[in-house]
Amino acid sequence: MSWDLRDAPFVDVAALHLLSTPTGPQRVMRLANLHPQARRLLTIACDLFPDAGFDRYLNTPGAHQAA
């Protein structure tokens with residue numbers, strides 16, 4: 001399962017909560033088309049919560065910056 005964030009120029013802590021909440025077999029596996037703000041939020045979350053695994057969303061194919 002992937003989230004295409006092309007049309008989401010802003011995300012907040014609610015998105016982090018959704019990404020960190022196990023949802024069974026349909027857990028988010030990757031994020032695509034991250035805007036700079038979302039990338040920055042994930043980078044900060046990686047620094048603050050290194051064991052949460054947010055770095056996996058920054059290092060997946062398609063996580064490039066949205067156009």
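Which residue's side chain does a polar contact of 2.8 Å join to that of Asn33?

**Figure 1. Overview of the predicted chain.** This is a predicted model, in which local features need pLDDT of at least 70 and side-chain atom pairs count only at pLDDT 80 or more, while totals for chains, interfaces and linings use all residues. Residues are numbered from 1 along each chain as its sequence is written, and side-chain values use heavy atoms, with hydrogens and water left out. The chain holds three helices and two strands, in the order β-α-β-α-α from the N terminus. Helices (H or I, at least four residues) and strands (E, at least two) are DSSP runs, numbered from the N terminus. Of the 67 residues, 34% are buried; buried means under 20% relative accessible area, exposed over 50%, and partly exposed in between (1.4 Å probe, protein chains only).

**Figure 2. Asn33 and its partner Asp4.** Asn33 lies in the loop between β2 (30–32) and α2 (36–48). Asn33 counts as buried because its relative accessibility is 8%. The side chain of Asn33 is joined to that of Asp4 by a polar contact of 2.8 Å. A polar contact is a pair of N or O atoms within 3.5 Å; within protein, one must be able to donate a hydrogen and the other to accept it, and residues adjacent in sequence count only if both atoms are side-chain atoms.

**Figure 3. The two faces of helix α1.** In α1 (residues 13–20), the buried residues are Ala15, Leu16 and Leu19. These residues lie on the same side of α1 because they cover an arc of only 100 degrees around the axis, the arc being that of the directions from the helix axis to the C-beta atoms. The exposed residues Val13 and His17 are on the face turned away from the buried side. The buried residues of α1 pack against β1 (2–4), β2, α2 and α3 (55–58), where contact means heavy atoms within 4.5 Å. At the start of α1, a side-chain oxygen of Asp12 comes within 3.0 Å of the backbone nitrogen of Ala14.

**Figure 4. The largest nonpolar core.** A nonpolar core is a set of buried Ala, Val, Leu, Ile, Met, Phe, Trp, Tyr and Cys residues joined through side-chain atoms within 4.5 Å. The largest one has 15 residues, of which Leu16, Leu19, Leu31, Leu34, Leu42, Phe54 and Tyr57 touch the most other members. Two or more residues of this core come from each of α1, α2 and α3. Helix α2 gives the most to this core, with five residues.
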